[in-house]
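Dear colleague,

I am handing over the structure that we spoke about, and you will find it just below.

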Amino acid sequence: MRLTVIGTGYVGAVHAACMAETGHEVLGVDVDEERVAALAAGHPPFHEPGLSAMLQRTVAAGTLRFTTSLEEAARFADTHFVCVGTPQRPDSGAADLRHVEAVVDGLAPGLREGALVVGKSTVPVGTADRLAPRLAVSGAEIAWNPEFLREGSAVQDTLRPERIVAGVRSAGAEARLRAVYAPLTAAGAPFVVTDTVTAELVKVASNSFLATKISFINAMAEICDVMGADVLTLAEAMGRDSRIGPAFLSPGLGFGGSCLPKDIRAFAARAEEIGRGESVAFLRQVDEINARQRRRTVDLAERFTGGSFEDRDVAVLGAAFKPGSDDVRDSPALAVAEEVRRRGARVRVHDPEAIDNARAVYPELQYALDVTKACEQADVVLHLTEWPQYRELDPAALAGVVRAPALVDARNTLDPQAWRAAGWRLGAPGRPRLG
Ligand code: NAD
Ligand code: UGA
């Protein structure tokens, strides 16, 4: 089939490449000319395992092309995936839909009778119903097919999704989406068909549930800190209950990234708009608990530097919002690093992938290309993004480099015995007996 993918960021670039890989002829569209040129040359503008090779393969095969022209897109295919950003509005928690609306309005005049515009962007419940009339004038239809991929495993998540949700307004739209995803459903991907409102809600409800799980375990970490209990053991024992499950119960610095924080705020704002604010009022608490973990990490680090950051050297391990990604949008690690710097410390940040992106947002932090350099003469080391390579560090060797061997493991993934044996003082959220 011929498809277009409009908006070639994290979601769109991966979707376009994967659709081409599974046998479709795909045109990717973006307003960002530099991005289009890079993608056309097979270079993704971000780090995502497997994407570069797939882009190069499909571009070379001629099944994937890129353009900046929406008019060309409208002519090229009858099925269009909309993957543009839906950021938080600067004046409120609500979602800013201007990019989605620009694409729908830009496509509409050029669409052929029977065209299907499929939203993948995360939007407030009711968006498809509101936009449908703008397409109906061209004889085109709208559907919503939310995206559930995670950064760092986006290609795998797209090729082997745990579910495909098709929010449709007609049997024809369902048939079209079944045909698009036939290679994935043939390999076992479950295909859930519903209306567009339910599809939109599946997305925001899922992200809200994930965020709630993380904040729940972080709230328990706060209780553990007071009572002398151990949150890792608590999470492990809770997670062994198959009704609860171990996923998303990793306690620590909390969630960041381009989606969970903005999506829970947008959902809360949308619930207010439809008169059901109280139904998701708990999401405000989920957000507050999450913000508190950043402050708690800064406070814990400050205790290790004698109650003040003035004239101290602080090493930060990790800048990306999660390991496996170079994305620093709403990165908890960088928020902590910046607050420590603001309170008077010299802060040197290490990250295996995200240094360039971090520097662009936080130019006043210092950056180091290797961990040893970041830790030289540090008064405290903060482990803020749990890249696997940090578990391989030699605590004894690092102890010889720092000014004072003190470690805050804000992600609770380093081996406390090994670090303590090498002479380190330790602090970690929800594990008060470590120190
Ligand atoms: P992004 O910011 O990485 O990419 C958006 C792209 O859209 C950019 O390249 C931008 O230039 C382009 N764009 C903006 N306006 C355009 C227009 N009028 N025409 C063509 N292109 C335009 O965003 P993202 O992270 O890929 O997220 C996209 C959507 O998917 C959001 O709604 C997000 O919530 C949702 N989502 C993201 C993820 C994720 O992991 N990043 C996962 C699931 C869902
Ligand atoms: C998340 C969802 O997992 C995806 O399903 C969804 O498609 C995506 O948001 C989206 O809508 O954009 P992503 O943001 O890539 O994916 O990353 P996650 O693995 O969910 O991690 C999010 C944040 O939560 C990270 O900062 C991570 O460090 C943190 N986290 C995760 C915890 O603090 N504890 C956990 O137990 C799990």
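Ligand 2 lies between domain 1 (2–194) and domain 2 (195–435), because both domains give residues to the shell around it. Please keep in mind as you read that this is a predicted model.

The shell around ligand 2 holds 21 residues, and the closest of these are Phe148, Leu149, Glu151, Lys203 and Cys259. By class, the shell is made up of 10 nonpolar, 4 polar and 7 charged residues. Helix H10 (196–227) and helix H12 each supply at least two of the shell residues, and H10 gives the most, with 4 residues.

Oxygen atoms of ligand 2 take part in contacts with backbone as well as side-chain atoms. A backbone N or O atom of Glu151 lies 2.8 Å from an oxygen atom of the ligand, and a backbone N or O atom of Phe321 lies 2.9 Å from an oxygen atom of the ligand. From the side chain of Arg411, an N or O atom is 3.3 Å from an oxygen atom of ligand 2. On its own, ligand 2 has 710 Å² of accessible area, of which the protein covers 89%.

**Cavities**

A search of the whole structure finds 3 cavities of 30 Å³ or more. The largest cavity, with a volume of about 70 Å³, lies between domain 1 and domain 2, since both give residues to its lining. Helix H12 (residues 260–273) gives the most to this lining, with 5 residues, and the residues that line the cavity include Thr86, Pro124, Val204, Lys262 and Phe267. The lining divides into 7 nonpolar, 2 polar and 3 charged residues.

The second largest cavity has a volume of about 50 Å³, and among the residues that line it are Leu407, Asp409, Leu426, Ala428 and Arg431. Strands E13 (406–409) and E14 each supply at least two residues of this lining, which has 6 nonpolar, 1 polar and 2 charged residues.

**The second largest pocket**

The second largest pocket has a volume of about 240 Å³. It is lined by 15 residues, and those closest to its centre are Asp225, Arg296, Leu300, Arg303 and Ala428. Helix H13 (282–304) and strand E14 (425–427) are the elements that give two or more residues to the lining, with the largest share, 7 residues, coming from H13. By class, the lining of this pocket has 6 nonpolar, 4 polar and 5 charged residues.

With best wishes

Technical notes
Residues numbered from 1 in each chain as written. Chains lettered and ligands numbered in written order. Predicted model: local features only at pLDDT ≥ 70, side-chain atom pairs only at ≥ 80, totals over all residues. Heavy atoms only, no water. 1 Å grid on protein atoms, 1.4 Å probe; cavity = no way out; pocket = protein on both sides within 12 Å on 5 of 7 lines; lining within 4 Å. Points joined across faces, edges and corners; volume = space filled by probe spheres on them. Nonpolar A, V, L, I, M, F, W, Y, C, P; charged D, E, K, R; others polar. Domains from an automatic or database assignment. Near = heavy atom within 4 Å. Polar contact = N/O pair within 3.5 Å; in protein donor to acceptor, adjacent residues only side chain to side chain. Areas by Shrake-Rupley, 256 points an atom, 1.4 Å probe, with all protein chains shown as cover.
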